[in-house]
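I opened this entry to look at how two chains meet. The notes follow in the order in which I looked things up.

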Amino acid sequence: MALLPLSGTFIGDVTTVGIVVDDEDTAEVVGQKIAHHSVGRRVAASSAPIRVRLGGRVLEQDEIIGRAGAAPYDHVEAFFDE
Amino acid sequence: MAADAIDVGDLEFGALISSIQTDEARHAQQGEPTIKVLIDNGHKEYGQFLIDHMFWRSWRAFALLTGLSMDYYTPLEARKMSFKEFIQDWVVKQFAEQFRDYGLDFPWYWDEFINELDWYHHAIHTIIWNYRPSVWWNPDAGVSPAEREWLEEKYPGWNRVFGKHWDVLTQNVRDGKLAETYPETLPVACNICQLPVVRAAGLLVGANTDPAPPRYVHEGRVYQFCSEPCKWIFTQRPDRFAGHKSITDRLWTGDIQPLNIGGLLAYMGLSEPEQGTDADNYAWAYGTAANGKH
């Protein structure tokens with residue numbers, strides 16, 4: 001249980017945001033934390049599930065972000081899996 | 001900018017900018033002879049390096065200040081040209097010819113700069129407007145229906161790429177969801193230019209293939225950048241820039257508490273009267289602007 005600073009981009013948005021997650025958060029939770037700053041704010045909402053990509057790999061929704069290899073200040077992409 | 005301001009009756013701002021411009025006219029006289037001295041004394045490579053460094057730094061500041069002013073803040077009826085047209089005339093043609101006359105090359109990132117004329121300042125404007133409480137002016141959204149038509153005419157594809165963000169913002173305003181038009185965290189700020197990293201917008205227009213901010217590790221610390229030229233500027237002389245914390249670094253390292261926009265505004269020392277608000281009180285979202293623009 002440690003704070004993990006990340007940069008996050010929701011694909012389709014114009015900017016990358018700085019967020020702080022917990023290294024025990026699941027990929028699903030991290031995706032939601034990134035999406036919170038884009039979806040419904042600058043990116044139209046969708047019913048499609050939100051997935052997360054780290055280092056080019058799409059994470060399973062229940063993967064723990066710290067154990068998936070995310071290091072402080074890594075970049076994580078979140079996107080609608082349409 | 002001074003002429004535009006005076007044209008619309010903002011004499012104070014016009015006088016301020018005119019005064020600044022006389023300073024800049026003097027500063028600008030120093031560049032050419034300095035480059036000439038460097039080249040005449042066998043330091044052409046250093047002259048090229050200085051041009052490459054400062055042109056990008058200036059471009060970033062210019063895109064923020066003049067890009068937003070010309071394409072969004074100047075009232076539609078007073079706009080004489082787009083920011084892109086202005087840069088193409090004054091910078092691409094005239095300034096570039098000047099330093100090429102000295103035998104210098106275009107900066108190595110020239111194609112990236114030319115590409116950015118179509119999208120960079122539009123992305124920056126969207127984010128600056130979102131973060132309007134954190135700036136000391138009242139940003140004009142500049143996206144009334146007529147203004148969006150102008151933007152589409154000057155930048156074909158603007159509505160597809162940027163208009164769709166403003167569609168979401170406009171709907172939130174109309175639905176009374178103003179809170180959704182304000183941010184709850186910070187953008188990642190580039191460790192060189194300190195501006196929001198908007199590489200993702202470049203992805204949308206096909207200019208970038210990867211939204212991840214370019215990064216560089218120096219003495220164990222991760223630095224992040226908006227672009228390869230900003231990263232290059234850092235890596236050429238890292239000790240010149242290392243150690244400084246961007247505003248996002250300060251969020252990440254806990255300097256800004258609480259970790260939200262309220263914490264940011266308190267950290268910046270901006271009182272509520274000083275925080276920027278929408279220049280038109282959101283009239284643009286309802287089809288007409290407060291001053292009758294359509």
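This is a predicted model: local features need pLDDT of at least 70, side-chain atom pairs count only at pLDDT 80 or more; totals for chains, interfaces and linings use all residues.

Salt bridges. With that rule I found two salt bridges across the interface of chain A and chain B. I looked up one of them: the side chains of A:Asp74 and B:Arg215 meet at 3.6 Å, N to O, and this pair counts because the cut-off is 4 Å.

Polar contacts. I then counted residue pairs in polar contact between chain A and chain B, both residues at pLDDT 80 or more, and got 14.

Elements on the chain A side. Three strands of chain A each give two or more residues to the side that touches chain B: β1 (3-10), β2 (16-22) and β5 (74-80). Of these I marked β2(A), which gives the most, with five residues. Sorted by class, the chain A side has 10 nonpolar, 10 polar and five charged residues.

Strand pairing. I followed β2(A) across to chain B, where it pairs with strand β1 (residues 186-187) in the antiparallel sense over two bridges. For A:Val17 I noted B:Pro187 in β1(B) as the bridge partner.

Extent. I listed 25 residues from chain A and 38 residues from chain B in the contact. The computed area buried between the two chains is about 2,300 Å², and carbon and sulfur atoms give 57% of that area. On the chain A side, I noted that A:Val14, A:Arg41 and A:Tyr73 supply 33% of the area that chain A buries against chain B, more than any other three residues.

Key. Residues are numbered from 1 along each chain as its sequence is written. Chains are lettered from A and ligands numbered from 1 in the order in which they are written. Side-chain values use heavy atoms; hydrogens and water are left out. Contact means heavy atoms within 4.5 Å. Buried area is the accessible area (1.4 Å probe) that two parts lose on being put together, summed over both. A polar contact is a pair of N or O atoms within 3.5 Å; within protein, one must be able to donate a hydrogen and the other to accept it, and residues adjacent in sequence count only if both atoms are side-chain atoms. Helices (H or I, at least four residues) and strands (E, at least two) are DSSP runs, numbered from the N terminus. Ala, Val, Leu, Ile, Met, Phe, Trp, Tyr, Cys and Pro count as nonpolar, Asp, Glu, Lys and Arg as charged, and the others, Gly among them, as polar. Two strands pair if DSSP finds at least two bridges between them.
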